[in-house]
Structures are given as structure tokens and as C-alpha cells.
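Hi,

Here is the structure I promised to pass on to you. Please open it beside this email and follow along as you read.

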Amino acid sequence: MRPVNARLDDHLPSDHKLSQVYRVGAGLTGLLLLVFGILGLVHRIGFFDTGGDTVLALNTNGALSVLSICIGALLFAGMVIGGSFASTLNIVLGVLFIASGFVNLALLDTKANFLAFHIPNVLFSFVVGVMLMWFGMYGRVGSALPHDNPYWRARHPEQAAREQRARTTGTGRPVGRPA
């Protein structure tokens, strides 16, 4: 196996249908996190308070609210930019949400639980992480990507070039092959 040296950003036009999936995923998740964070701040919960204040059935404090707003704004930026940036952002943040779920699961009943996580927060972190990863990987990874997929073309440049030449000759077959 040889590494792919192509920049995938160059192979995904901004109006490509995959970009819409990445944008919708980033936008919906960002909106959810922004609403959660803003509602947490509106309730004027202490910044590092671990007293059990809830918003939308999730435990929160000021620090978690501000963090949620920041991540939600970052996801909105990904939605606006779109393309491979949104896809990569969704994947990275998805992995971070899952890692956060595991870390906060380990910190549940300790004094180091400064984000006031409880089990529903951990489960929410896992669900959002998987959801973001799904949105980010959609159409980007898989064993059966169609040959018109920009990520498949970037990983198989020789075969993609042969297929492009065959399409441009109008015969529907690779150039140089008999009918």
C-alpha cells in the first residue's frame, strides 16, 4: 500500500452532495450544543458548581455551558465552510466527544469532576460522538464507495484517470481496448 498524496479538499467541490451531509451534521449538532450552553448560562449556575443543576435533562454548570457554546460555534463554522473541512471537523470532534465520555465516566464520583458530569451526560457524549463521526465519515470511508466519489478518486488516481479517459472518448470502454 502506498500513501495517498492528494489533498482531498481539492477533490470535493463546495456544491458536492456530500458537503451537504457534513454541513447538516455540523449545523444540527452545533445548534443542539448552543441551545444547551445558552440555557445553562441563562440559569446562572455557578461556573464550577457540581450541585446537580440540570438543563434539558443533563447535569451542567457554567464551565460546561461555556464549553458547549464554544464547540457549538466551532461546528457552526464547519457548517459555513463545508466540504472536507466540515467532514474532518465532525470526525475529530466525534472522537473527542467519545474520549470525553470515557474520561468523565472515570471521574464521575471524584472531586476532579469539574464539569459536573453524571451518567446521562456520559451517554449524551457517546451518542453525540458517534453521530458526529457518522456525519463526518459518510461517503468518505467504506469498502463500496462509488467510483464518482471524490474520496475514491483521490485514493485510486490511476484507475480514476483511466475511467475519465474512457468517459471522454465517448465509447464507454477504456481507450485501446477492442469492442
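G25 counts as buried because its relative accessibility is 0%; buried means under 20% relative accessible area, exposed over 50%, and partly exposed in between, with a 1.4 Å probe and protein chains only. Before going further, please keep in mind that this is a predicted model, where local features need pLDDT of at least 70, side-chain atom pairs count only at pLDDT 80 or more, and totals for chains, interfaces and linings use all residues. Residues are numbered from 1 along each chain as its sequence is written, and side-chain values use heavy atoms, leaving out hydrogens and water.

You will find G25 in helix 1, residues 17–42 (helices are DSSP runs of H or I with at least four residues, numbered from the N terminus). Setting aside residues up to four places away in sequence, G25 touches N90, L132 and F135, where contact means heavy atoms within 4.5 Å. From C-alpha to C-alpha, G25 and F76 are 9.8 Å apart in space, although 51 residues separate them in sequence.

Another buried residue is S65, at 0% relative accessibility. S65 sits in helix 2, residues 62–81. The side chains of S65 and T60 are joined by a polar contact of 3.3 Å (a pair of N or O atoms within 3.5 Å; within protein, one must be able to donate a hydrogen and the other to accept it, and residues adjacent in sequence count only if both atoms are side-chain atoms). Apart from neighbours within four places in sequence, S65 is in contact with G37, G40, L41 and T60.

Now for the aromatic rings. How many aromatic pairs does a search of the whole structure find? There are two, counting rings of Phe, Tyr and Trp (its six-membered ring) whose centres lie within 6.5 Å; planes under 30 degrees apart count as stacked, over 60 as edge-to-face and the rest as tilted. F102 and F126 make a tilted pair, 4.9 Å centre to centre with 55° between the planes. This pair links distant parts of the chain, with F102 in helix 3 and F126 in helix 4, 24 residues apart. F102 is exposed, since its relative accessible area is 52%. W134 and F135 make an edge-to-face pair, 5.2 Å centre to centre and 70° between the planes. At 14% relative accessibility, F135 counts as buried.

Finally, look at F114, in the loop between helix 3 (83–106) and helix 4 (119–137). F114 counts as partly exposed because its relative accessibility is 47%.

Happy exploring!

Key: Helices (H or I, at least four residues) and strands (E, at least two) are DSSP runs, numbered from the N terminus.
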